[in-house]
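Let us read this protein together, one question at a time. Please look at the sequence and the structure before going on.

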Amino acid sequence: MKVRISGLILLVVFFSHFLIAQRRTSGTTSAPATRALTIVTEPGAIVWLDEIRRGTADGSGKLLLVNVRSGGHSLRVRAIGFKESTLPIQPTMRGEVKVRLLRTNDEAELTFQQAETARETAKDDDTRKKSAELYRRALRLRPAFPAAHLGLARVLMDLNDTDAALAAITDARRYRPSYPEASAAEGRIYRETGQTDEAIGAFNRAIRESHGFQPEAHVGIGRVYEDRGQYELAAREYQIAVNQLSETEPIIYQLLGAAYEKSGRNKEAVLAYEDYLRLAPNGSLAPAVRSILEQLRQQPELR
């Protein structure tokens, strides 16, 4: 009998420890584990993490990435005059990640880089047209260049040539059938032309293709919901985008704050607007956000 009782006690103790361990690992924590990585590469190199642009390396070739979630990731680095490099970020990686870039004489790659720079710095349609021509030149040199097709689509969107932009996205997908960024860009075209059902379909495809991680698509869906006056649903999508972007795009906090404000959730709106100002105190929207915050704080429930 004593042996049976001892065995029962041990069994109870085992299950007690098991349940405690389960609670600790069941995802009840409010935020996922994160880490910081310092990318060490060429000065001025552009860095993407999971196809999300995270910034540009400084004069010493370093870029600090904060709030990198645990687990594996894909890192992509590009610098003018160098061959683009993509490498996996292992779950165990911490601290410095060195990315050695090799110089290239590939004319298609170099022309593509010029096109990207022209598009990203364009302030007028003349520069955008120059960018489009550079993309086309790169594609004549290398037709199977999905990123160049997508870049051309983006600049054509900015030039309001939606039919040609959609054609460029179709070309991009011909060489890369599962292309989340292309699907998100397609969704943006449909939304801006008032084709909301098609827009949501394209955005959802982008999310499926990226296995759930596609902040551009979540923002796009949020904008569609906001256009429809469905502010609670819009806020939900913006919050997902904020979580995925790890605070690299302050403008999403402004969109989130506006959605909360329009849905009557003033406390949440204040928090979102404050986060925008924390990340972009001198941003173009900062004066307007400060004015809105001053008005919201006068509401009875916030006094």
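**Contacts and cores**

Leaving aside its neighbours within four places in sequence, Tyr276 is in contact (heavy atoms within 4.5 Å) with Pro250, Ile251, Tyr253, Gln254, Gly283, Ser284, Leu285, Ala286 and Val289. The model is predicted, so local features need pLDDT of at least 70 and side-chain atom pairs count only at pLDDT 80 or more, while totals for chains, interfaces and linings use all residues. Residues are numbered from 1 along each chain as its sequence is written, and side-chain values use heavy atoms, with hydrogens and water left out.

Q: How many residues does the second, separate core have?
A: A nonpolar core is a set of buried Ala, Val, Leu, Ile, Met, Phe, Trp, Tyr and Cys residues joined through side-chain atoms within 4.5 Å, where buried means under 20% relative accessible area with a 1.4 Å probe, protein chains only. The second core is separate and includes Ala148, Met157, Ile169 and Ile189. Its count of residues is 25.

Q: Is helix 6 roughly parallel or roughly antiparallel to helix 8?
A: Helices are DSSP runs of H or I, at least four residues, numbered from the N terminus. The axes, lines fitted to C-alpha atoms over the stretch in contact, with angles from 0 to 180 degrees between N-to-C directions, come within 9 Å for helix 6 and helix 8 and cross at roughly 15 degrees. Because angles under 35 degrees count as roughly parallel and over 145 as roughly antiparallel, helix 6 and helix 8 are roughly parallel.

Q: Which residues in helix 6 meet helix 8?
A: On the side of helix 8, the residues are Glu216, Ala217, Gly220, Arg223, Val224 and Asp227. Those that meet them from helix 6 are Ala184, Ala185 and Arg191.

Conventions: Buried means under 20% relative accessible area, exposed over 50%, partly exposed in between (1.4 Å probe, protein chains only). Helices (H or I, at least four residues) and strands (E, at least two) are DSSP runs, numbered from the N terminus. Angles under 35 degrees count as roughly parallel, over 145 as roughly antiparallel, 65 to 115 as roughly perpendicular and the rest as oblique.
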